[in-house]
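Good morning, and thank you for coming. I would ask you to keep the structure in view while I speak, and to find each element as I name it.

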Amino acid sequence: MGLEQFKNRNVGTQNYKMLDLGESPKTGMAQFSQVVSRALKGELFVGLWVTIREMGGTLFGNKLHTIKYPFEKLPISPRYRAIHDMLRLLESGHYRCIGCGLCEKICISNCITMDTRYDENQRKEVSEYTINFGRCIFCGYCAEVCPELAIVHGQRYETASEQRASFSLFEDMLTPIDKLNLQQEYDGFGAVSPNADDNIKQTPLAY
Amino acid sequence: MEIVTYTTVETFVQHIPEVTAAGVIIKAIIILAVISAIAGFGTFIERKVLAFMQRRLGPMHVGPYGLLQLVADGIKLFTKEDIVPQNANPFIFKIAPVITAATAFIALAAVPVFPDFTIPDWIPLLGGVFVPSIAADVNIGILFVLGMMAAGLYGPLLAGMSQANKWGIIGSARTAVQFLSYEVVTGLSILAPIMLVGSLSFVDFNEYQSGGVGSWLIWQQPVAFVLFLIAGFAETNRTPFDLLEHEAEVVSGYATEYSGMRWGMFFIGEYANMITVSIIAAVVFLGGYSVEGIGWLTIILKVAFFFFLMLWVRASWPHIRPDQLMWLCWKVLMPLAVVNIVITGIVMMV
């Protein structure tokens with residue numbers, strides 16, 4: 001199943017077919033002939049054929065529409081804003097977050113809390129990072145503002161929990177190191193646009 | 001072991017052992033148990049077939065491929081709270097589902113279900129008892145079955161009227177109108193084959209068509225066959241004519257206030273009626289069964305086809321309005337049936 005049908009927003013330009021129903025018969029004889037022609041036309045058997053064809057397609061033609069939901073899931077749009085993911089650098093495996101604090105600053109529901117410190121190499125490291133999903137409204141600003149594409153919205157849309165304030169820690173959202181090869185780049189908020197190379201201009205040095 | 005071949009009907013009839021009361025009782029128990037089970041299984045088949053025709057899977061989670069779904073449904077129906085509405089007439093309310101289920105099973109008494117057999121001698125107590133294929137082999141079998149199915153209309157009628165509910169009243173009014181009207185079409189459509197065969201017994205019908213596919217009555221009476229099928233759908237309250245309990249119009253019609261096993265008995269009665277109509281159509285028009293060999297498999301296949309046809313039609317066609325139902329019955333089907341009888345009579349006389 002592709003994503004093309006999600007992207008088609010042109011609601012008004014489809015080809016509608018108007019039914020040609022004709023006029024209702026006026027005289028008794030016309031009514032009678034309409035009944036006879038409809039009864040002998042075999043349209044009812046067209047209906048029977050359609051259902052038996054669909055049954056054959058379901059059983060043998062792999063045209064089933066049922067998704068056994070908890071076991072199977074439909075792909076969702078990459079722009080869907082679900083539970084956040086923290087991505088890693090593909091080369092080193094180190095987390096991408098540089099502890100700049102922009103996501104904490106921009107968060108309009110104040111649900112991101114972070115704390116940073118300098119490690120032994122005088123490099124900034126994230127010591128605390130939580131998102132309160134009881135407060136988060138999944139607006140996507142954090143992902144949009146992140147300069148490193150470190151915090152993104154993932155695909156986990158089942159957000160039910162037993163508590164209103166359900167916190168998520170940095171390690172819960174971080175890509176597991178053994179699944180680094182499965183890490184997907186993010187296409188949604190804040191991602192580099194597909195024509196980013198075209199938009200690069202020389203820095204005007206005249207200033 | 002000597003293999004007996006029967007040349008004529010008379011010698012075959014003479015070879016049938018005596019039918020005892022014990023045999024009839026065993027047969028009745030077999031019919032009750034097997035048809036109830038088939039009716040339950042029919043609900044599963046119906047859900048599966050409808051699902052496949054709508055590109056769904058149907059019940060999948062209870063047992064392999066959802067096969068145990070009917071067990072789960074049975075447990076649910078048996079353990080559900082049994083509610084009798086406050087303003088209902090409790091006696092009639094309680095007895096109405098029994099009428100539906102009972103008449104459906106009484107109709108099956110005169111219908112051939114499963115072959116004759118004799119219980120082997122080594123089984124204690126019952127050894128040597130002959131179990132007939134028809135529990136009550138009355139020589140007016142068709143009349144009896146049609147009459148019993150007609151009596152079945154008291155179930156929905158009394159149920160709807162006793163439950164102090166407007167939807168129930170509408171449902172029972174539709175019951176009276178629909179069942180009484182289509183009773184006429186059933187009787188008239190089956191009259192032409194009866195004229196040809198000259199008997200009301202299912203056994204005579206079976207023997208009349210024992211000469212292979214070419215001797216089936218459907219080739220001589222195609223109009224009667226179509227009319228009987230249409231009327232059979234109406235009599236069993238199946239989808240193009242399911243006005244009695246159509247959810248979109250009258251909630252659940254006569255069954256609105258019913259819950260638990262009382263509702264389940266309406267359901268079993270409806271499915272038993274579907275099987276009865278399928279058997280009648282198979283025996284009267286499609287050659288029925290043959291006594292030798294695996295001839296009994298053929299009638300099971302025919303009955304299964306008619307059962308499947310009912311589910312197939314339910315998936316395909318929309319249901320009709322009550323006025324269209326009456327129009328179809330009195331202005332189309334009834335005149336056609338009468339014309340069919342007249343032509344049959346003229347052809348027989350010439």
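Predicted model: local features only at pLDDT ≥ 70, side-chain atom pairs only at ≥ 80, totals over all residues.

Now please look at how E5(A) is attached. Strand E3 of chain A, residues 124–132, is joined to E5(A) by three bridges, and these two strands run antiparallel. To find the place, locate A:Asn132, which stands opposite A:Phe167 in E5(A).

We turn next to the meeting of the two chains. Here nine residues of chain B are in contact with 14 residues of chain A. Which helices of chain B each supply at least two residues of the side that touches chain A? They are helix H2, residues 21–53, and helix H13, residues 295–316. H13(B) gives the most to this side of chain B, with three residues. Sorted by class, the side of chain B that touches chain A has six nonpolar residues, one polar residue and two charged residues.

H2(B) also packs within its own chain. Its partner is helix H3 of chain B, residues 69–79: the two axes come within 9 Å and cross at roughly 115°. The crossing in which H2(B) passes H3(B) is right-handed. On the H2(B) side you will find B:Gly40, B:Phe41, B:Thr43 and B:Phe44, which meet B:Gln69, B:Leu70 and B:Gly74 in H3(B). By class, this contact of H2(B) with H3(B) has three nonpolar and four polar residues, and no charged ones.

I now come to helix H6 of chain B. Just after H6(B), B:Ala164 takes a positive phi of about 55°.

Of these covering helices, let us take H7(B) in detail. H6(B) and H7(B) pack at an angle of about 155°, and their axes are 7 Å apart. An angle over 145 degrees counts as roughly antiparallel, and H6(B) and H7(B) are therefore roughly antiparallel to each other. H6(B) passes H7(B) in a left-handed crossing. From H6(B), the contact uses B:Pro156, B:Leu157, B:Ala159, B:Gly160 and B:Met161; from H7(B), it uses B:Gly168, B:Ile169, B:Gly171, B:Ser172, B:Thr175 and B:Ala176. By class, the contact of H6(B) with H7(B) has six nonpolar and five polar residues, with no charged residue.

Is B:Phe91 buried or exposed? B:Phe91 is exposed, because 10 other C-beta atoms lie within 10 Å, and a residue counts as exposed at 12 or fewer. The C-alpha atom of B:Phe91 is separated by 46 Å from that of B:Tyr208, and these residues are 117 residues apart along the chain.

Thank you for your attention.

Notes:
Residues numbered from 1 in each chain as written. Chains lettered and ligands numbered in written order. Helix = DSSP H or I, 4+ residues; strand = E, 2+ residues; numbered from the N terminus. Pairing = 2+ DSSP bridges. Contact = placed C-beta atoms within 7 Å. Nonpolar A, V, L, I, M, F, W, Y, C, P; charged D, E, K, R; others polar. Axes fitted to C-alpha atoms, helices over the stretch in contact; angles between N-to-C directions. Left-handed = near helix turned anticlockwise from the far one by under 90°. Parallel < 35°, antiparallel > 145°, perpendicular 65-115°, else oblique. Buried ≥ 20, exposed ≤ 12 C-beta atoms within 10 Å, placed from the backbone.
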